[in-house]
Structures are given as C-alpha cells and as structure tokens.
2 protein chains.
Amino acid sequence: MKKVRIALLGLGNVGKGVWNILKSNREAIAQRSGYDIEIAKILVRDVNKDRGVVVPKELLTTSAEEIFNDDSIKIIVEVMGGMEPTKEYVLEAIRKNKNVVTANKMLIATHGKEIFKAVEEQGVSINFEASVAGGIPIINGINESLTANKIEEVAGIINGTTNYILTKMTLEGMGFEDALKEAQEKGYAEADPTSDVEGYDAVYKLAILATLAFETEVDIDDIYVEGITKIKAIDIEYAKEMGYVIKLLAIAKEVDEKLELRVHPTMIPLIHPLANVNDSFNSIFIKGNAVGDLMLYGRGAGELPTGSAVVGDIISVLRSEREGSNISFSHYIHKQVSSMDDVKAEYYLRISVKDFPGVLGKIATILGKNEVSILSFIQKPTKKEFSTIVIVTHKTLEGNVNKSLKEIKELQEVNKIENVIRIENLD
Amino acid sequence: MKKVRIALLGLGNVGKGVWNILKSNREAIAQRSGYDIEIAKILVRDVNKDRGVVVPKELLTTSAEEIFNDDSIKIIVEVMGGMEPTKEYVLEAIRKNKNVVTANKMLIATHGKEIFKAVEEQGVSINFEASVAGGIPIINGINESLTANKIEEVAGIINGTTNYILTKMTLEGMGFEDALKEAQEKGYAEADPTSDVEGYDAVYKLAILATLAFETEVDIDDIYVEGITKIKAIDIEYAKEMGYVIKLLAIAKEVDEKLELRVHPTMIPLIHPLANVNDSFNSIFIKGNAVGDLMLYGRGAGELPTGSAVVGDIISVLRSEREGSNISFSHYIHKQVSSMDDVKAEYYLRISVKDFPGVLGKIATILGKNEVSILSFIQKPTKKEFSTIVIVTHKTLEGNVNKSLKEIKELQEVNKIENVIRIENLD
C-alpha cells in the first residue's frame with residue numbers, strides 16, 4: 001500500500017481527535033483512501049506538556065520550519081486555531097506546495113479570500129469541513145452534493161453553547177445565568193462565554209456557509225449580530241404559548257439579488273424540524289431551488305466529531321488524483337448585502353405599558369401608520385403597576401418596525417419596549 | 001468553456017426534473033462543473049408522447065444503440081427505472097466506456113455487485129445518489145464525508161408513502177385505509193401501494209445503504225421486512241401514551257461482527273429527532289464511531305429533489321479529472337447477517353385476553369421463564385368480552401419473545417396476540 005506523510009499543527013482537542021481516529025480506524029481509512037497515513041510530525045509549543053494522549057515524543061516539534069521544509073510531507077493539518085501565527089503558517093504551507101486541511105473558522109471566515117487565491121495559484125487544495133458545525137458534513141454538502149441547486153436560504157443552529165442554554169431555558173424553565181453556569185460546568189461554554197452568547201462564533205461560521213452557498217465574498221462586518229443575553233423566561237413562555245420556540249439562528253438568504261446575513265435569536269414554529277434540535281446539537285436547514293428543504297443534524301463540536309470532519313478531509317485529498325482543488329472559488333462575485341431595515345420578518349414585540357385605557361389603540365395606530373399590520377396580540381390582566389402587551393406582526397419591513405418602535409417609546413402610556421424578537425416561519 | 005455531451009435514458013418524472021434543472025440552473029452548473037452540459041440524446045419509447053415538458057423532438061430517440069455508439073457522449077443518465085432492459089443498457093454503456101449516473105434503486109440493490117465490478121474493470125464511474133432518499137445526499141455522505149468513521153448503525157425513514165400514512169394516523173387520528181386513500185389522491189402512493197406499504201421499497205434502499213455503510217455485499221433476501229398494514233389506531237394511541245411514535249424504520253446495524261438488516265414498524269422515542277420527521281419527508285440517522293449521531297433530512301422523492309441528486313452526480317463526474325470512480329468497491333467483504341431471533345430490542349406486546357383473574361400472572365410467568373423481563377404494562381378496565389393487556393419488555397432477544405408468545409397464545413385465558421412492535425431507543 002502507498003504511504004503518505006502528513007503533519008499536524010497543534011495537538012489540542014481536535015488534534016487529539018485526529019490522532020485517535022487515525023489510530024483506531026486505521027485499517028478502514030487505509031482501504032478507503034488507498035494510503036497508509038503516517039503522522040510524521042506534530043507542531044506544539046511545549047514538547048513536554050502532558051496532553052492525555054500517548055504520542056511518541058520524537059514526533060513533536062516546536063519548529064514550524066522543520067515541517068514546511070520537509071518535502072516528504074504532503075498534507076498539513078492545521079488544528080492549532082487562532083489567527084497568529086496560524087495564518088502565516090497556512091500560507092507558508094501552501095507556498096511549500098502542501099495541501100492544507102484546517103478546522104479554523106476564524107481563519108477561513110476572515111482570510112478565506114486570500115487563502116483560496118493562494119491555493120489556486122499554487123495548485124494545491126484547501127479543505128475546511130471541520131470549520132463549521134463539527135462533524136456535520138455541511139461544507140461537503142454545499143460544495144459537492146447540492147451543486148445542482150441555486151441555494152435560496154441557509155438557516156442554522158451552529159453554536160452549541162447557546163443552543164444548550166436555550167434548551168435548558170425552554171425545557172427546564174431555567175434562567176439564563178443558571179443555564180450558562182451548567183453549560184460551563186459541562187464544558188459546553190468557556191469561562192468567558194462572550195463569543196458564544198453574543199453570537200460572534202456563529203458569525204464566523206455563517207460567513208463561511210454564506211460564502212459557499214451563494215458563491216460570494218462575505219465580509220464578517222456585514223453580518224448583523226445579536227446574542228441571546230436579552231432573552232428572558234417570559235419571552236420563552238410567550239413563544240411557547242404561540243407555538244414557537246426560540247433558537248439562535250444564523251441566516252443567509254438571497255432576496256431580490258441581495259443577501260440577508262444575520263445572527264439573532266429567532267422564534268421558529270414548534271413543528272419545524274429545527275425546533276427540535278436540542279442541547280448542544282447543531283443543525284443546518286437549507287432551501288435549494290431543486291432539492292427543496294434539506295436539513296443536516298449532528299454534533300457541532302467535540303474532539304471526535306470535529307476530528308471526523310478533519311480526517312474526512314484528509315481522505316478526500318488523498319482520493320483526489322488531480323492536483324489542486326475540486327472546487328474553484330475564482331468565479332465568486334461580491335453580492336450586495338441587505339440593510340437590516342430592508343429585512344422582512346414577523347416581529348414579536350413585548351411592551352410594558354402603564355395600564356391606561358386606550359394604550360393598545362395608540363400603539364396600533366402607530367403601527368398601522370407605518371404599514372405594520374398586527375397578526376395577534378396578547379394582553380393579560382395584571383395587578384402590577386405596569387402591564388405587558390405582546391404584539392405579533394405580519395411579515396413586514398424591519399425599518400417600519402423600528403420607526404414604529406421609536407414613536408411607541410415616546411407614548412406617555414408606554415413604560416418600556418422590553419424585547420423585540422424576529423419570527424421566521426422558514427416556509 | 002469546455003462542452004460535454006450527455007444522454008438521458010428515460011424522460012419520466014426524474015428525467016424531466018433533470019432536464020428542467022439543467023435548463024434553469026445552467027449558468028451556475030457550468031461554473032461549478034467547468035462544463036457546458038448538452039443533453040445530446042434522450043431515449044424514449046414513444047417520441048410522440050406529450051410529456052408536459054418542452055424538449056426539442058430531434059433529441060428524442062427510440063434507439064439505445066444510437067446513444068451507446070455515439071462516442072461523443074460521455075455520461076449516460078439512467079432515469080428509466082425498472083430492471084429490463086435497464087440492466088443490459090447500463091452494462092452496455094459501461095462497456096462503451098461511458099460514465100453512468102443512475103437513480104435506480106432496484107438495479108443497484110440487486111445487481112450492484114456486477115455493475116461495480118464492470119465499472120472498475122472498465123475504468124469508468126457509477127454514481128447513484130438519487131437511488132436512496134431522493135435529494136438527501138446520503139450516498140455522498142457515507143462515501144465521501146464519513147470516511148473517517150466506522151459506521152455502527154443506520155436507521156432511516158426512507159419511504160415517503162408510509163411516512164405520510166403513519167403521520168396522518170398519528171397526528172390526525174386517521175385510519176390506515178383513509179390515510180392511504182389520501183396519500184393516493186396526493187400522488188404519494190401508487191394505485192397498487194404494495195411495494196411501499198409492505199416495506200419492499202425500503203428494502204431496496206436499505207440494501208444500498210448497508211452495502212456502503214458496512215462495505216459489504218448485501219443480498220436483499222437477507223433483509224427482514226414487515227410492512228405497516230398491521231398498525232392500528234390503538235397501537236398509535238398506546239405508543240403516544242408511553243412517549244413513542246411509530247415509524248417504518250429501515251435499520252442496518254453491526255452487532256458482534258454480524259449485521260442486523262431489517263425493515264419494520266418501530267416505536268421510537270418522541271424526543272428523538274427522527275420522531276418529528278413527518279409527512280412524506282425522509283430522514284436517515286447514522287451513528288459513527290467518530291462523528292457520533294448524525295441525521296440528514298429532506299425530500300425523498302419528487303421530480304426536482306431526485307433531479308437534484310442526479311444532476312449533482314453529473315457534476316461530480318465532470319469535476320473529477322481521474323478516470324473511473326473515487327470509490328472502490330473491490331475490498332467489500334461479505335458480512336454475516338444476524339437471524340431475527342438474535343436481534344435485541346424492546347418489545348411492545350398487545351394481547352387480547354378473557355378477563356380472568358390471574359391472566360397477567362400467567363403471562364408474566366411465561367415471559368420470566370424465557371428470560372424476557374417486563375419494563376411496564378398497561379391494563380385498562382373494559383366492558384367488552386375481551387380486555388387488552390399491553391406489555392413493554394426490557395431489551396431482550398427476539399427469539400425469547402417469540403418462544404414466549406407461542407406459549408402465551410396457548411393459554412386458555414388468551415384470546416389473541418394482537419400485535420408485536422419493536423421499540424428502538426436509538427441511543
């Protein structure tokens with residue numbers, strides 16, 4: 001059997017997953033790839049650190065140059081994460097004519113264009129299945145399986161931490177803080193959870209998905225982002241009452257030749273398959289003009305699921321006898337991104353009002369004047385100083401909702417706009 | 001741009017889907033494949049039939065030879081279905097050095113081995129994504145994305161007709177006959193629904209999935225099959241009461257180096273993602289030793305979804321610059337198939353009994369003697385001559401259940417074993 005030598009950059013969780021999969025499934029992987037894969041070198045910062053995995057010490061090196069200058073190494077597997085010095089390493093590997101497999105969402109989301117250009121010029125390949133949604137083969141799905149389609153929409157639950165928190169809040173009635181604490185205890189959330197709970201992690205992943213699905217260049221700064229910290233138990237209750245569940249969705253959608261790119265808490269119908277994606281699971285829903293509705297569901301993180309995607313990419317490089325990549329990025333064009341004011345959705349408005357007669361009439365009048373029509377509203381009797389009005393609008397322009405809310409806030413009967421949550425029926 | 005000429009065998013629903021997709025998404029497909037795809041010839045039985053699609057008449061031919069002898073045609077797209085003369089056509093196309101894309105589940109399930117051998121010898125490729133679950137990229141998923149994994153289990157809802165019927169029975173309380181009638185009216189069921197409702201259609205698809213997932217040769221006669229006609233409204237009610245939903249599952253599972261291969265109505269937990277796959281949707285759940293739980297969901301049939309898979313295969317042939325297939329089938333070995341007596345599941349037993357005291361004790365004694373332990377039972381007061389006992393067993397050998405039922409049937413207090421349904425927790 002032919003042999004191939006590869007190198008890992010990094011031996012953290014994903015690196016260990018790759019190591020373990022290549023060991024435990026070695027024979028099957030050899031049959032499928034046609035190669036006996038040898039991990040020849042592993043770049044680490046400290047060769048003496050205990051990593052909880054038995055790796056021969058002579059494979060470890062702190063010298064990236066040693067790896068790049070070894071012509072016998074054909075594939076570089078970048079699982080060290082981060083941007084510096086990772087970006088330079090990846091570009092150097094490409095210049096040294098090596099195929100690259102990476103799990104790095106930040107790198108691809110922010111420097112994809114430069115990296116894609118480099119691989120095409122050099123005639124090598126870049127694979128990054130693991131960069132979005134761990135073990136779920138969504139990159140391959142878009143790049144290889146759905147090629148017959150014009151993709152119209154991608155909507156994904158692509159952050160396991162926030163999905164875990166929202167699931168606990170929804171199914172067990174936990175508050176945000178308690179759910180976050182539990183997520184941290186279980187290792188689903190970092191000590192500093194900002195990147196997850198504020199939606200930034202999902203932004204990187206959405207940038208990659210939208211780039212591929214719409215064959216366009218995406219600037220992460222063009223993606224609207226709103227995290228889940230403002231979601232209260234009462235919003236989850238109202239959602240349930242109206243037949244919805246709240247998920248942090250990452251949405252990319254082509255409307256009138258412009259792209260909507262947005263990450264925010266979203267009410268989706270309880271009967272939609274995405275609504276039942278719970279705990280730390282990820283799921284991506286795609287609408288194609290031929291395939292119709294499609295959904296992929298699985299583990300979005302973890303040593304082995306992410307390792308599964310990385311090793312799948314390695315095998316795919318080995319199977320392809322052509323030089324370079326199957327996929328060309330060079331025809332990608334820049335598509336215009338919609339302003340959030342031009343986004344159309346239904347809106348859930350939770351407004352705290354002083355219980356004056358006529359307040360609902362005044363609010364309704366403002367909405368009507370701004371062409372926002374009301375689908376339903378709920379006002380429950382209350383004994384407190386303020387009572388709560390919940391309004392759900394028909395599908396309408398976000399700009400009109402914002403204009404209305406500005407006016408509503410000025411009403412003397414209104415205490416506070418407590419929350420505004422977009423509703424997507426995904427139909 | 002390079003041009004490529006392809007031919008369709010057949011212009012039924014799937015053929016029309018392929019035609020329409022290649023027209024409407026032409027530009028995007030050209031960019032992705034690198035080729036301007038020309039449908040050069042279409043084999044039909046009657047060139048004058050109105051097919052509800054505008055195809056230039058000069059493309060239609062009744063002569064298969066004309067197509068096979070045209071050396072400018074590189075890809076044959078078999079969408080005529082059936083076995084005769086389809087099998088001979090496909091083998092002839094391979095001999096004439098053409099790559100083949102097919103949507104034909106029966107052909108691949110029953111003659112896959114011969115066809116795979118022929119393509120490997122000839123150095124051409126065979127692609128058959130559309131043969132299982134329409135637009136869902138499950139073949140590609142197994143063959144290309146999950147290659148890092150040892151797959152442990154595949155469990156799929158892969159027949160849209162029966163899923164539609166069971167959904168109507170479950171969510172709307174319809175009887176089997178009414179649900180079938182509605183499925184027929186909506187075009188989800190054939191006038192003769194036997195192949196769907198008796199599970200045979202799912203058997204072909206499972207044979208293909210198991211072949212690929214376990215890299216083995218599967219004889220369709222080795223697949224146990226049970227249709228949904230015996231499912232009564234009362235079973236669905238009891239299932240619901242116990243937290244289950246009934247689905248026709250196609251299961252392939254490796255246990256102790258033997259394969260379980262079976263298609264039968266199955267109770268699955270309401271909270272499992274497969275439980276919420278409704279109407280005519282298909283979904284396939286896979287457990288891999290690296291990726292963990294994965295599920296793919298989408299349209300299992302229909303002109304455009306199936307066409308999406310066929311056209312995706314065509315693009316994949318065009319992108320691959322290597323001769324022949326990426327996938328080798330030659331290392332597939334024959335794995336032993338478990339006898340149903342050796343299958344382990346939980347069992348739902350619905351037994352109609354004469355309301356004598358002590359009957360439950362006698363049944364429980366027989367089960368205990370045969371090492372079948374009881375997880376729960378339900379007996380409701382009744383005013384009829386017979387009352388119903390529902391027993392759910394712990395996970396146990398099917399052989400022991402069958403032995404028990406044989407003895408239980410002989411009890412004078414027992415009127416009838418009304419139904420036996422396997423329960424799978426898929427955990």
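In this predicted model, chain B is superposed on chain A by a rotation of 180° with 0.0 Å of shift along its axis, at an RMSD of 0.0 Å. That is the relation of a two-fold axis. The contact draws 45 residues from chain B and 45 residues from chain A. Because 100% of the interface residues of chain B are also interface residues in chain A, the copies meet through the same surface.

**Axis**

- Among the residues of chain B, B:L296 comes closest to the rotation axis.
- The C-alpha of B:L296 lies 2.3 Å from that axis.

**Strand pairing across the interface**

- Strand β12 of chain A, residues 292–299, is joined to β12(B) by 5 bridges.
- The two strands run antiparallel.
- Within this pairing, A:L294 has B:G298 of β12(B) as its bridge partner.

**Make-up of the chain B side**

- The side of chain B that touches chain A comprises 45 residues.
- Four elements of chain B each supply at least two residues of this side: α2 (26–33), α6 (138–145), β12 (292–299) and α12 (303–319).
- The largest share, 9 residues, comes from α12(B).
- By class, the side of chain B that touches chain A has 18 nonpolar residues, 19 polar residues and 8 charged residues.

Conventions:
Residues numbered from 1 in each chain as written. Chains lettered and ligands numbered in written order. Predicted model: local features only at pLDDT ≥ 70, side-chain atom pairs only at ≥ 80, totals over all residues. Contact = placed C-beta atoms within 7 Å. Nonpolar A, V, L, I, M, F, W, Y, C, P; charged D, E, K, R; others polar. Pairing = 2+ DSSP bridges. Least-squares fit on C-alpha atoms with pLDDT ≥ 70 in both.
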